[in-house]
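The sequence and structure come first.

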Amino acid sequence: MVRSKLTGLKKAAILLMALGPSLSAKILRHFSESDIERISLEIANTTKVEISEMEEVLEEFMLVNQAQKYVLDGGLEYAKKLLEETLGTQKAHEIIKKLREASQIKPFMFARKTDPKQLSNIIAHEHPQTIALILSYLDPQQASQILSDLPEEQQAGIAQRIATMERTSPEVLREVERVLEARLSSVAQQDYAVAGGIGTLVDILNNVDRGTEKLILEELELEHPKLVDEIRKRLFIFEDVIGLDNASIQRIIREVDQKDLAMALKGSSDEVRERIFRNISKRAAEMLQEDIEFMGPVRLRDVEEAQQRIVSIVRRLDEAGEIIISRGGEDAIII
C-alpha cells in the first residue's frame with residue numbers, strides 16, 4: 001500500500017470520525033482544551049475521507065496500540081523483537097519511533113508493573129535524591145505505597161526532594177534507569193520529561209495513609225514551613241470539612257456510606273462533628289450519634305481509613321466541579 005502524507009492532526013481527526021461520536025467524546029476528554037479545539041476544527045473541515053486513508057489510519061492505530069502493549073509486557077527491546085518478527089525491521093523501527101514521538105515510552109515504565117514492596121526494598125538504600133527521582137516518574141498510587149514502606153526517617157527528606165525537584169538531565173535519568181534496570185532484570189525506557197514538584201508530591205500524599213501523610217508533613221514543617229504551607233493549600237484532609245460551605249457538606253454526606261461517616265466522626269474533633277450535625281436533620285443527627293456511641297472503642301487505623309474514603313469522595317466531587325474546596329490564593333475567590 002502506498003502511504004499518504006497525512007499529518008498527525010489529520011490522522012487524529014480521521015480516527016475519531018471512524019470511532020464514532022460516543023467513543024470519540026470519551027477520548028477527547030483526555031486532551032487539553034487547545035488540542036480539543038484543533039482536532040475539532042480539523043474534523044469540521046474534513047468533508048471527505050478516502051477509504052485508503054481510513055484504512056491506513058486504523059492500521060497504524062492498531063499497530064501502535066499493539067506495540068505499546070508489547071512495551072508494557074516486556075520492555076522496549078521485547079517490543080522491537082516481536083514487531084521485527086511480525087512486520088520486519090523497517091516497519092518495526094517506524095512504530096517504535098512513533099511511540100517515542102508520542103511520548104508513550106516514559107522513564108521507568110518497566111518499573112510500573114513491579115510490586116511496590118519489591119521496589120521499595122530495592123531502592124531503600126539509594127540516596128534520597130535518587131529515590132525521589134524514581135518515585136516522581138511512577139504512578140502516584142504506586143509511589144505512595146513505596147513511600148509508606150520506606151523507613152520513617154527517610155520519608156520526609158524524600159518528600160521534600162520530590163516537591164523541590166524541577167528538571168533532571170537525560171544523562172542522570174538514563175544512569176538511574178540503567179542501575180534500576182539491572183536490579184529488576186528488565187529493560188529501561190529512555191525519555192526526557194519534567195517530573196517532581198509540589199503537584200507530584202500532593203498526588204502521592206493524596207494516596208498514602210493518613211499516618212504517613214501526617215508524619216511527612218510534621219517532619220517537613222520543622223525545616224521547610226513555607227513548603228508545607230504550600231502543600232497544605234493543595235491537600236484536603238478530613239478535618240478541613242469545617243471550612244466547606246453548607247451546600248458542599250450536604251452534597252458530600254449524600255455520597256458517603258453512613259457507617260464510614262460514623263467511624264470517621266468517632267475519631268474527629270467536636271468542631272468537625274458539630275459541622276456535620278448542623279447539615280443533617282435532627283433525627284439523622286440523633287441516629288448518627290447513636291451509631292457513634294454504639295460502636296464503642298475502635299482502632300485508630302479503622303478511623304483513618306474511613307476518613308480517607310470520605311476524603312477521596314470530597315476530592316472526586318471537587319474535581320467534578322460539584323463542590324468547591326478553597327485552597328487559598330486565587331482559588332479562594334468565589335464570584
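A nonpolar core is a set of buried Ala, Val, Leu, Ile, Met, Phe, Trp, Tyr and Cys residues joined through side-chain atoms within 4.5 Å. Buried means under 20% relative accessible area (1.4 Å probe, protein chains only).

The model is predicted: local features need pLDDT of at least 70, side-chain atom pairs count only at pLDDT 80 or more, and totals for chains, interfaces and linings use all residues. Numbering runs from 1 along each chain as its sequence is written, and side-chain values use heavy atoms, leaving out hydrogens and water.

The chain has 19 helices and zero strands. Helices are DSSP runs of H or I with at least four residues, strands runs of E with at least two, numbered from the N terminus. Of the 335 residues, 40% are buried.

The largest nonpolar core has 38 residues. Phe-108, Leu-135, Leu-138, Ile-158, Leu-180 and Ile-231 have the most contacts inside it.

A second, separate core of 26 residues includes Ile-253, Met-263, Ala-306 and Ile-313.

α12 is largely enclosed by the rest of the structure, because six of its eight residues are buried. They are Ile-198, Thr-200, Leu-201, Val-202, Ile-204 and Leu-205. Beyond its neighbours within four places in sequence, Ile-231 is in contact (heavy atoms within 4.5 Å) with Ile-198, Leu-201, Val-202, Leu-205, Leu-217 and Leu-220.

Methods:
Buried means under 20% relative accessible area, exposed over 50%, partly exposed in between (1.4 Å probe, protein chains only).
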